[in-house]
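Subject: Structure for your review

Dear colleague,

Please find below the sequence and the structure that I am handing over to you. My notes on the findings follow directly after it.

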Amino acid sequence: MEDFNLDGFCLVHMKPESALRERRVVLGLTQQAVADRAKIPIQSYQQFESGKRKIRRASFDIACRVIEALEMTPTDFFHGNYTFGEEIIDSDEGIRYKKTGKLLSEDVE
């Protein structure tokens, strides 16, 4: 089997919560920073990101604040334009986001 290089590919997000997490990590924001930007409790944001609470079922005001805190547009988010995520690259340590060089498994501390 020949080597397969993932450079230039993007991850597909089947669930909105995975797009939220990826966007937050790529921006270099902690969960607390996003919650602060959106003016919501951190527990609420954590529930959106984990999928325990659905952002599409939140009030329009809260959903917009969270999405805008992640520097996305509500219209694009709700129309699925963030289904394809950030460009990725292959490295010896694993798959990384091209924009930040962070491993997919890393989080912001």
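The count of salt bridges comes to 5, a salt bridge being a side-chain nitrogen of Lys or Arg within 4 Å of a carboxyl oxygen of Asp or Glu. Please note that this is a predicted model, in which local features need pLDDT of at least 70 and side-chain atom pairs count only at pLDDT 80 or more, whereas totals for chains, interfaces and linings use all residues. Residues are numbered from 1 along each chain as its sequence is written, and side-chain values use heavy atoms, with hydrogens and water left out.

One of the salt bridges joins the side chains of R24 and D107, at 2.8 Å from N to O. This pair links distant parts of the chain, 83 residues apart: R24 belongs to helix α1, and D107 to the segment after β3 (94-97). Helices (H or I, at least four residues) and strands (E, at least two) are DSSP runs, numbered from the N terminus. R24 is buried, with a relative accessible area of 0%, while D107 is partly exposed at 33%. Here, buried means under 20% relative accessible area, exposed over 50%, and partly exposed in between (1.4 Å probe, protein chains only).

A further salt bridge connects D61 with R65, and its closest N and O atoms are 2.5 Å apart. Both residues lie in helix α4; because they are 4 residues apart there, about one helical turn separates them. D61 is partly exposed at 44% relative accessibility, and R65 is partly exposed at 27%.

The side chains of E93 and R96 also meet in a salt bridge, at 3.1 Å from N to O. E93 is exposed, with a relative accessible area of 54%, whereas R96 counts as buried at 17%. Salt bridges that share partners join R24, E49 and D107 into one network.

Just after α3, G51 takes a positive phi of about 90 degrees.

K39 is in the loop between α2 and α3 and is exposed, at 67% relative accessibility. E71 is in the loop between α4 and α5 (74-78) and is partly exposed, with a relative accessible area of 46%.

Finally, the count of aromatic pairs is 1. Rings of Phe, Tyr and Trp (its six-membered ring) pair if their centres lie within 6.5 Å; planes under 30 degrees apart count as stacked, over 60 as edge-to-face and the rest as tilted. F77 and F78 form the pair, which is edge-to-face, with 5.5 Å from centre to centre and 90 degrees between the planes. F77 is buried at 4% relative accessible area, and F78 is partly exposed at 27%.

Yours sincerely
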